[in-house]
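Subject: Structure for you to look at

Hi there,

Here is the structure I promised to pass on. Have a look at it first, and my notes follow below.

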Amino acid sequence: MTYINTNRNNWNQRTKIHFRSKFYDVEGFLNGASSLNNIELSELGNVKDKTLLHLQCHFGLDTLSWAREGAIVTGVDFSDEAIRKAHYLKTETRLDARFLCADIYDYGREIHSKFDIVFTSYGAICWLPDLQEWANIIADCLETNGTFYMVEFHPFNDLFAGYSYFGKTEPDFEEDGTYTENSENFKSSIYTWPHSLSDVITSLINAGIEIRQFNEFPYSPYNCFDQMEEKEPGKFYLKHNNQDLPLLFSIKGTKSHNRTRAGI
Ligand SMILES: C[S@@+](CC[C@H](N)C(=O)[O-])C[C@H]1O[C@@H](n2cnc3c(N)ncnc32)[C@H](O)[C@@H]1O
């Protein structure tokens, strides 16, 4: 079995659990709440009437939340269960959205439309073996002058959770659970790849994305370690040797010229 089949199978199982969780609060979303956090809402800014591609959209809560902000949205994810549920939420909310079921590397190899914004967030890149190809796809999907925006768990967060800070060609393989509160008995195989900050930044630069903004945050919107302290609502801090750990980073960049597949 390839890593894609193993990981897709894992995400199909997780999706069913996540959809029923308090963590994702589908009911709140259906009642009008946004699943987006202040960080991405404030840093990405006005998306009204802009075309937005959401890579690894899971079951579409964030994608549809961007639609509520006025964006013309497309979400891509390789989990057929997630895309099925995204279509259900689209129907329930009567929001306009396009959802495609594809591995992002396959999606990147196809001829596709260009977007004003490419967005990805929280727990996306650790499932991807090749960050340079990921960055190339982002650049290929953007219009000239289009915006790339990501907010992601800091590799320090992952280091603290027991993974390597530095990138590795061989994946970590584990029998793991999932992060929602309703998943006590769940365990399934999964492959992950660590990526350092320099790997992320260098891959984007190599792909022709001009980085305009880079931020690191000493808090997370998710209470994902036992010893976290919620200093403000929705901001969970973690100390190591009495110092705050960096838990998130965000990058905003622009594609300033057309890239050819052979190089920039
Ligand atoms: C943690 S979730 C996305 C995070 C999102 N912020 C959320 O919580 O809704 C990661 C997503 O990546 C998707 N995924 C993992 N590997 C992928 C791949 N190679 N191609 C497309 N989607 C992938 C999974 O199916 C899952 O929906």
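How many residues surround the ligand, and which are the closest? The count is 18, and the closest are Tyr24, His58, Asp77, Asp103 and Ile104. Please keep in mind as you read that this is a predicted model.

In Tyr24, a side-chain N or O atom is 2.7 Å from a ligand oxygen. For Asp103, a side-chain N or O atom is 2.9 Å from a nitrogen atom of the ligand. Ile104 takes part through its backbone instead: one of its polar backbone atoms is 3.0 Å from a ligand nitrogen.

Helix α5 (residues 80–93) comes up in two of them. With helix α4 (residues 61–68), the axes come within 10 Å and cross at roughly 30 degrees. Angles under 35 degrees count as roughly parallel, so α4 is roughly parallel to α5. The crossing of α4 past α5 is right-handed. On the α4 side you will find Leu61, Leu64 and Arg68, which meet Ala86, Leu89, Lys90 and Thr93 of α5. By class, this contact has 4 nonpolar, 1 polar and 2 charged residues.

The other partner of α5 is helix α1 (residues 3–19), with axes 7 Å apart and an angle of about 35 degrees. Here α1 brings Arg8, Asn12, Thr15, Lys16 and Phe19, while α5 brings Asp80, Glu81, Ala82, Lys85, Tyr88 and Leu89. The contact of α1 with α5 divides into 4 nonpolar, 2 polar and 5 charged residues.

Leu131, Gln132, Trp134, Ala135 and Ile138 of α7 meet Asp199, Val200, Thr202, Ser203, Leu204 and Asn206 of α9. Sorted by class, the residues are 6 nonpolar, 4 polar and 1 charged.

Happy browsing, and do write back with any thoughts.

Best wishes

Notes. Residues are numbered from 1 along each chain as its sequence is written. This is a predicted model: local features need pLDDT of at least 70, side-chain atom pairs count only at pLDDT 80 or more; totals for chains, interfaces and linings use all residues. Side-chain values use heavy atoms; hydrogens and water are left out. Axes are lines fitted to C-alpha atoms, for helices over the stretch in contact, and angles run from 0 to 180 degrees between N-to-C directions. Helices (H or I, at least four residues) and strands (E, at least two) are DSSP runs, numbered from the N terminus. Angles under 35 degrees count as roughly parallel, over 145 as roughly antiparallel, 65 to 115 as roughly perpendicular and the rest as oblique. A crossing is left-handed if the near helix is turned anticlockwise from the far one by less than a right angle, and right-handed if clockwise. Contact means heavy atoms within 4.5 Å. Ala, Val, Leu, Ile, Met, Phe, Trp, Tyr, Cys and Pro count as nonpolar, Asp, Glu, Lys and Arg as charged, and the others, Gly among them, as polar. A residue is near a molecule or strand if one of its heavy atoms lies within 4 Å of it. A polar contact is a pair of N or O atoms within 3.5 Å; within protein, one must be able to donate a hydrogen and the other to accept it, and residues adjacent in sequence count only if both atoms are side-chain atoms.
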